[in-house]
Amino acid sequence: MLNMALHFKPLHPSFGAEVTDFNCGQDVVRNTESLKGALTRWQLLLFREQDLTDGAFVEFCRAFGDLELLPEPEKRHPEYPEIFNLSNIRPDGSLTPKDDPQAVFLRGTSRWHTDSSFRKIPCLATILYAVTIPPQGGDTEFANMIAAFDSLSGEEKGRLRQQKAVHSYAYSRSANPGELKEMSAEELAKVPDTHHPIIRRHDGDKAVVYLGGHVSHIEGKDVTESRAEVRALEDRLTNVGNVYRHQWREGDVLIWDNRSTLHRLTGYEIDKYARVMRRCTVSGTETVNAF
Ligand code: OGA
Ligand code: MN
């Protein structure tokens, strides 16, 4: 089969592109290598007007690499364990109340973060397929963290390159806005804290600021002080003209590179409007390299 030429329509001046005239269910097998390259190059790819069965969605996602299984078995799709159903609809069809653990969990994604950065080998990418979209709210924002690095002063670049951040699932979970079920010591033991360089090498010669909501503090520094420092830095570095806000349409498939972007969900009325996404996560292939 011949490779087809891919067409890209930029979404933001510094990153992200819509791949036009592409059928995720049919065109992926013969374009795997160019799609992987495009993801690293553009950091975020959008495919509109897709109509995929769950099986076809998983197959599309597999083109980008092995898929992660979520730590929480009860959140997995019964037939395709790689799919994580991001949904505020309960089994009886009603919407989750605001203080329901599932609503708290979903709201947890509204802080800037990069997925599974608490792992020794964090994921490479995440893919969302929009099934049901609320009539208002529920956009997702993405920040280009290569542009973030470029915005730092020379002194900051030099200083941050010497530092590592402590990424902690236990911390980020505890910082969720509301009550979640306690994790057992056994569950926590499966997700020990991980230390990653703050400035990460990407795609050969690019430097990325690799922080986000799983970061508890900076290695070797006072926890409270360095946590505040990290949060202030994240605020600043997601405000340098490097943010793309995605307004979802049903049928959108969006894949983003978690190595070089941060993202967050923007608010919507979780107990009033349904929002259903299918999610797959592409495993990383290497540890976080310092720049
Ligand atoms: C996630 C996430 C954002 C969204 O699933 O990790 O950040 O818009 N989701 O649902
Ligand atoms: Mn996320």
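Glu-49 is found in the loop between strand 3 (44-47) and helix 2 (54-62); helices (H or I, at least four residues) and strands (E, at least two) are DSSP runs, numbered from the N terminus. The phi angle of Glu-49 is near 55°, a positive value in a residue other than glycine. This is a predicted model, in which local features need pLDDT of at least 70 and side-chain atom pairs count only at pLDDT 80 or more, while totals for chains, interfaces and linings use all residues. Residues are numbered from 1 along each chain as its sequence is written, chains are lettered from A and ligands numbered from 1 in the order in which they are written, and side-chain values use heavy atoms, with hydrogens and water left out.

- Most residues other than glycine have a negative phi.
- Glu-49 counts as exposed, at 69% relative accessibility (buried means under 20% relative accessible area, exposed over 50%, partly exposed in between, with a 1.4 Å probe and protein chains only).
- Ser-116 also has a positive phi, near 50°, and lies in the loop between helix 3 and strand 5.
- With a relative accessibility of 6%, Ser-116 counts as buried.

**Manganese site**

- The manganese ion (ligand 2) is coordinated at 2.1 Å by His-113 (NE2), Asp-115 (OD) and His-263 (NE2).
- Donors are N, O and S atoms within 2.8 Å of the metal (3.2 Å for Na, K and Ca), and water is not among the atoms, so sites may look incomplete.
- Along the sequence, the donor residues of this ion follow the spacing H-x1-D-x147-H.
- Asp-115 belongs to the loop between helix 3 (101-107) and strand 5 (125-132), and His-263 to strand 14 (residues 261-265), so the pair ties together parts that are 148 residues apart in sequence.
- Asp-115 is buried, with a relative accessible area of 4%, and His-263 is buried as well, at 5%.

- An open sheet is formed by 3 strands in the order 8-7-11, with antiparallel pairing; two strands pair if DSSP finds at least two bridges between them.
- Strand 8 (194-197) and strand 11 (215-218) stand at the edges with a single partner strand each, so one side of each is left without a neighbour in the sheet.
- From one strand to the next, the twist averages 35° (axes are lines fitted to C-alpha atoms, for helices over the stretch in contact, and angles run from 0 to 180 degrees between N-to-C directions).
- Strand 7 (residues 164-167) is joined to strand 11 by 3 bridges; His-167 stands opposite Val-215, and Ala-165 has Ile-218 as its bridge partner.
- Strand 7 is joined to strand 8 by 4 bridges, and Lys-164 stands opposite Pro-197 in strand 8.

**Cavities**

- On a 1 Å grid over the protein atoms alone, a cavity is a set of points where a 1.4 Å probe fits but cannot get out, and a pocket is an open set with protein on both sides within 12 Å along at least five of seven lines; lining residues have an atom within 4 Å of a point.
- Grid points are joined across faces, edges and corners, and a volume is the space filled by probe spheres set on the points.
- The count comes to 3 cavities of 30 Å³ or more.
- The largest cavity has a volume of about 430 Å³; of its 24 lining residues, Phe-105, Phe-118, Tyr-169, His-214 and Arg-279 are the closest to its centre.
- Helix 6 contributes the largest share of the lining of the largest cavity, 3 residues.
- That lining has 8 nonpolar, 9 polar and 7 charged residues (Ala, Val, Leu, Ile, Met, Phe, Trp, Tyr, Cys and Pro count as nonpolar, Asp, Glu, Lys and Arg as charged, and the others, Gly among them, as polar).
- The second largest cavity holds about 190 Å³ of space and is lined by 15 residues, of which Leu-86, Thr-109, Leu-128, Leu-265 and Arg-275 lie nearest its centre.
- Strand 14 supplies the largest share of the lining of the second largest cavity, 3 residues.

**Second largest pocket**

- The second largest pocket has a volume of about 170 Å³, and its lining residues include Ala-170, Arg-173, Ser-174 and Met-183.
- Helix 6 supplies the largest share of this pocket's lining, 3 residues.
- By class, the lining of this pocket divides into 4 nonpolar, 2 polar and 3 charged residues.
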